[in-house]
Amino acid sequence: MIWLTWRQFRTQAAVVFAAVAALAATLAVTGPQLADLYRTAGSSLVDQVSSSDQSVYYAGLLIVLAVPAVIGMFWGAPLISRELETGTHYLAWNQGVTRTRWLAIKLGLGAAAAMTAAGLTSLAVSWWSSPIDRAVNGGGATDTYFPRLDPVAFAARGVVPTAHAAFAFVLGVALGLVIRRTLPAMATTLVVYAAVQISVPLWLRPYLAATDRTTVPIEPDGAPISIQEGAKQIVTHPEVPGAWVTSQQTLNAAGQPVPVPASFADCLHTESGPPTLQQFDRCLADLGALGYKQQVTYHPAGNFWALQWTETGLYLGLALALTGFCAWWIRRRLT
Amino acid sequence: MSAVLRAQALGKRYKQRWALQNCDLDVPAGRVVGLVGPNGAGKSTLLNLASGMLTPTTGTIEVCGGRPATGPAQLAKVGFVAQDTPTYAALSIADHLRMGARLNPGWDDALARERIRRLGLDLKQRAGRLSGGQRAQLALTLGIAKRPELLILDEPVAALDPLARREFMQDLMEAVAEHELSVVLSSHLVSDVERACDYVIVLVDSRVQVAGDIDDLVACHHRLTGPRRDPDTLPAGQHVITASHTDRQTTLLVRTDTAVHDPSWSVSPLGLEDIVLAYMTRPADAVRDTRPALEVLR
């Protein structure tokens, strides 16, 4: 059974692992000079990265984010749907191997390969990007590069990509099993995986580890402040290097959470065009003088590994649950 | 006599539609069984139930003494060549043989290789490039080399031209004789069955109309021709399958276990095709009979 699984899987596996090897080679060539730069420049490295290395940084992010989706679509979704589509499951399930065992070996080997591919990619990219990540966590400017905890970078670093890949693969298999047709299964896999990857950082990841809280005064010369929704919301950018801000709340003089007072919007009101910088500063100063403060909830940079491992466990749990679903479906529903 | 296939009140429903109902069968071992019926009668459903690809909605089915596909031991007893003889298009013939060897404990590799050689097939050729007949032969080879007790074939020759059809059936019969297999094969052509089988099951409208040894069936079905009369006046032992009347004459197709002595009838024997067609064209009220499985007992 292992032989058959390998025989059917080897082309797809070769394509992906060749791409991973090519990526790793590219990174190995350019990585050491970035590490040297960090040694000499420290956190100011972020201003000295060459434009080609900057492209590699973003390409690396995109590739690690894309690998699980590609695996789910091109390894997971066709795994069983193609058999069902071409009728070859009649051949496979009438050999001397039960269909549960057939499924277990296909899922087991596929998931192991998926996790290896995603793990190697993440390892290579995390290693290459580590000078930049360290520079950002050490206080470097974050206008070009993401802190590791930022939702975009988080899923492209460390161990979570392996769990993402395992989940995407089993998700693809499950959808292929239910939908029974390869192309629709591939498309659905991409949509569902993307939806999960957007939902988790928005609604789940903030709660996977203990957050820190800080209260910053509202003043023109303090932490940078921006306004949203027509001055109904204030967003401060406290200088905690590498932090991931998960929520913000304006407090009144008594320390109670309140909406931003209407007087602030009135103060910023102009006959036409945006308020001037002086006007903006004056309005902030007025708000601060009334005792308003901004409470910021965030994950400090030190939460990175706690969040990584918890989310890894979460996705592996989801993958296991989907595996159970596949086993149930193949025995009870495909009959 | 041990049964190779036994079904009791077997039924399969897809959502609202019954594909097979009230199926009672007791097929003895060592037979080559032909399952005939029009397209859509439920032949594939019955065979898929027998191979364990489907599970029954009602009733039970036992194949070679066990519930189909319940474990490796049971799987090893039954070979299944599915409709359209699916094979892996990207895998070579050698790969298919290797798959058979890896997945089946009783695999007879020498037999498989000898068959492929005799068929003149190239081991390195991909299954996707084989003709329909060659693909069917490859699928049959996989089924036989597994050395099952029972080989089930679902419309194995439906897609083949007449020559390939005959070659396939001949080849199958040789293998059956050589390896003492029980075989159940379906076809919508009586001629295929007549040539190869010694036992027949007629399936129409999701119900078994008749099942039995072909010689027995031929022996106990007669065409009666005589002056016009009401079929209800026949003796108790004679069951009318079909009746047709002209102004003066009545032709009946009857099943009876005893000889017909009434001198007013002229009795003529029937071929298998006549019998099968009679059951297929039976009037609708007879088909809806509450006792659908009219079985010839031995």
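Student: What should I know about the model and its numbering before I start?

Tutor: It's a predicted model, where local features need pLDDT of at least 70, side-chain atom pairs count only at pLDDT 80 or more, and totals for chains, interfaces and linings use all residues. Residues are numbered from 1 along each chain as its sequence is written, while chains are lettered from A and ligands numbered from 1 in the order in which they are written.

Student: How do I read the packing of α2(A) and α6(A)?

Tutor: Two packed helices are described by the angle between their axes and the distance between the axes. Helices here are DSSP runs (H or I, at least four residues), strands are E runs of at least two, and both are numbered from the N terminus. Axes are lines fitted to C-alpha atoms, for helices over the stretch in contact, with angles from 0 to 180 degrees between N-to-C directions. In chain A, α2 (residues 51–86) and α6 (residues 160–179) pack at about 30°, axes 7 Å apart. They are therefore roughly parallel (angles under 35 degrees). Their contact has 21 nonpolar residues, six polar and no charged. Nonpolar means Ala, Val, Leu, Ile, Met, Phe, Trp, Tyr, Cys and Pro; charged means Asp, Glu, Lys and Arg; the others, Gly among them, are polar.

Student: Which residues have the most contacts inside the largest nonpolar core?

Tutor: In soluble globular proteins, nonpolar side chains tend to be buried together. A nonpolar core is a set of buried Ala, Val, Leu, Ile, Met, Phe, Trp, Tyr and Cys residues joined through C-beta atoms within 7 Å. Buried means 20 or more other C-beta atoms within 10 Å, exposed 12 or fewer, and partly exposed in between, with C-beta atoms placed from the backbone. The largest core has 160 residues, and A:A114, A:A166 and A:V170 have the most contacts inside it. Helix α4 (residues 99–137) of chain A gives the most, 15 residues.

Student: What about phi at B:N22 and B:E180?

Tutor: Most residues other than glycine have a negative phi. B:N22 goes positive, at about 45°, within strand β2 (residues 17–28) of chain B. B:E180 is positive too, at about 50°, in the loop between α6 (162–179) and β7 (182–187) of chain B.

Student: Are they exposed or partly exposed?

Tutor: B:N22 is partly exposed, with 19 other C-beta atoms within 10 Å, whereas B:E180 is exposed, with 9.

Terms used
Parallel < 35°, antiparallel > 145°, perpendicular 65-115°, else oblique.
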